[in-house]
Amino acid sequence: MKGWRSARAILIWAALALAIGVPIAAAAASEQLAWRGPVYILAGFAGIIALGLVLVQPLLIGGYLPGLSAYRGRRAHHWIGGALAVAVVIHVAGLWFTSPPDMIDALTYASPTPFSPFGVTAMWAIFIVALLAALRRRLGLRLRTWRIVHIPLAIVIVAGSVVHCLLIEGTMETISKAALCAAVLAAAARIMVDLWRRRTSRGESVARQ
C-alpha cells in the first residue's frame with residue numbers, strides 16, 4: 001500500500017512536470033524564435049509559465065498534490081498566486097516594450113486580434129485577486145466572503161487564459177498547448193465539483209442536526 005502511494009505521488013508530480021515542461025520545451029524549439037527579439041521571447045515564455053501556474057493553483061488549493069499538507073498547500077497557493085501576477089506583468093511589459101501601440105489597443109479592448117480581450121480580461125482578474133489577497137486581513141474579509149469573490153474571478157482567469165492561449169498562433173506547439181489548456185480546465189472543473197460537494201455535504205449535515 002505504501003509503495004503504491006509513493007508510485008502514485010511520483011506519477012502525479014511527473015505528469016504535472018510534463019504538462020508544464022513539454023509546452024515550454026516545444027516553444028523553445030520553435031523556428032519562429034529566430035525572428036523574435038530577446039524581450040519578445042521573454043514576454044512569450046512568461047505567458048507560457050503563467051498558464052502553467054494557473055494549472056498549479058487549483059491543484060494546490062484542492063490538495064491534489066501529494067506530499068503537501070493542507071497548510072503548505074494554502075501557503076504555496078498564496079505565493080504562486082504572487083508569482084503568477086509577476087509573470088503576467090513581465091508578459092505584458094515585454095509586449096509593451098516591443099509594440100506599445102498594439103498593447104494600448106489590447107488594454108483598451110480595441111485590438112482587432114481575437115485573442116487580446118480574453119487575455120486582458122484574465123489579466124485584470126489576476127491583478128484583482130492578487131490585490132485582494134494582499135489586503136484580505138486589512139479589509140477584514142471572512143473566508144466565506146473571500147470565496148464568493150475569489151471563485152468567480154478564478155473562473156474568469158481560467159477561461160480567459162485558456163481561450164487566449166488557444167487562439168494565439170505563435171511559438172507554442174499545437175498538441176502540447178492543447179494538452180496544457182485541457183489540464184487547466186480539468187483541474188479547475190475538479191476543484192469546483194469538489195467545493196460543491198463539500199457545501200452539499202455540510203448542508204445535509206446541518207439539516208440532519
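First, a definition: helices are DSSP runs of H or I with at least four residues, numbered from the N terminus. The expected span of a helix is 1.5 Å times one less than its number of residues.

This is a predicted model, where local features need pLDDT of at least 70, side-chain atom pairs count only at pLDDT 80 or more, and totals for chains, interfaces and linings use all residues. Residues are numbered from 1 along each chain as its sequence is written, and side-chain values use heavy atoms, with hydrogens and water left out.

Take helix α3, residues 70-98. Its 29 residues should span 42 Å at 1.5 Å a residue, and the end C-alpha atoms are 42 Å apart, so the two agree.

Which residues of α3 are buried? Buried means under 20% relative accessible area, with a 1.4 Å probe and protein chains only. Among them are Gly73, His77, Leu84, Val88 and Leu95. The cover over the buried residues of α3 includes α2, α4, α5 and α6.

Now α3 with α5. In α3, His78, Leu84, Ala85, Val88, Val89 and Val92 meet Met123, Ile126, Phe127, Ala130 and Ala133 in α5; contact means heavy atoms within 4.5 Å. The contact residues divide into 10 nonpolar, 1 polar and no charged. Here Ala, Val, Leu, Ile, Met, Phe, Trp, Tyr, Cys and Pro count as nonpolar, Asp, Glu, Lys and Arg as charged, and the others, Gly among them, as polar.

Last, α6. This helix has 25 residues and reaches 35 Å from first C-alpha to last, close to the expected 36 Å. Its buried residues include Trp146, Ile157 and Cys165.

Methods
Helix = DSSP H or I, 4+ residues; strand = E, 2+ residues; numbered from the N terminus. Buried < 20%, exposed > 50% of the residue type's maximum accessible area, 1.4 Å probe, protein only.
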